[in-house]
Each structure stands twice: as structure tokens, then as C-alpha cells.
Amino acid sequence: MQLTPHEVFGRWLLMTLGEMGGAGSKQAVLRRIEERYGSQLTDIDHLPQPSNGEVKWENRTAWQRNRMVKAGLLKPYERRGDPWALTEAGWAAHRALVPGQGGSS
């Protein structure tokens, strides 16, 4: 069994943030991802990271968030405690994932 790919966490982040109105605290977003997609996580995803003890899937989701910030899909932190939030490009990517909302016209 393998770890869930980072790209999958990216899709889940886009879908979850869109469903949450575009933003949410890290903990609220992770909780919603676990509720919605938890059955798709592997046993290895639930193991702790050796470096910091954080659950692997949560750690990988946070790393994917950082990649998405660099790609312009999520807003960077401006101060401690800022929520994870979609940018306009992130909203467009979210709509492209929602049936009947995106894709080619």
C-alpha cells in the first residue's frame, strides 16, 4: 500500500475549500477532508511522520497547500492564524473540478 499522491490532496483541497465558501482554518479544512475523503486514505497515510509526529496525510496536505500557494491557487499567510483560502485562480480550478461548473464551454 502506498501514500496518497500529493495531487490527490490538491484536488481534495480545492473541492473542500470551495464547499467551505473559499476559506477555512487548517484544522477545519483537515477535519472536512477526513470526513469526506477519509475512506480513500491508505493505512500508511495514517502513520505518524518520523520528523514531527504529525499524521502523514495531514502533513502531505499542508505541503500540497504550500505548492498551491506558489502556483497561485491559494492565498499565502499574511499573519499567524490566517485561514487557508482560495485565490481567483483557485476558484477557477475548483469550478473546473465540479461537474457542470467548469471544463470546456
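These legends describe close-up views of a predicted model. Residues are numbered from 1 along each chain as its sequence is written, and side-chain values use heavy atoms, without hydrogens and water. Because the model is predicted, local features need pLDDT of at least 70 and side-chain atom pairs count only at pLDDT 80 or more, while totals for chains, interfaces and linings use all residues.

**View 1. Helix H3, residues 56-70**. Helices are DSSP runs of H or I with at least four residues, and strands are runs of E with at least two, numbered from the N terminus. Just after H3, Gly72 has a positive phi of about 85 degrees.

**View 2. The buried residues of H3**. Buried means under 20% relative accessible area (1.4 Å probe, protein chains only). Among the buried residues of H3 are Trp57, Arg60, Met68 and Val69. The buried residues of H3 pack against H1, H2 and strand E2 (84-85).

**View 3. Asn59 in H3**. Asn59 counts as buried because its relative accessibility is 10%. Leaving aside neighbours within four places in sequence, Asn59 is in contact (heavy atoms within 4.5 Å) with Gln49, Asn52 and Glu54.

**View 4. The largest nonpolar core**. Such a core is a set of buried Ala, Val, Leu, Ile, Met, Phe, Trp, Tyr and Cys residues joined through side-chain atoms within 4.5 Å. Of its 19 residues, Trp12, Leu13, Leu17, Ile33, Leu74 and Trp84 touch the most other members. Helix H1 (6-19), helix H2 (26-37) and H3 each give two or more residues to this core, and H1 gives the most, with seven.

Key:
Buried means under 20% relative accessible area, exposed over 50%, partly exposed in between (1.4 Å probe, protein chains only).
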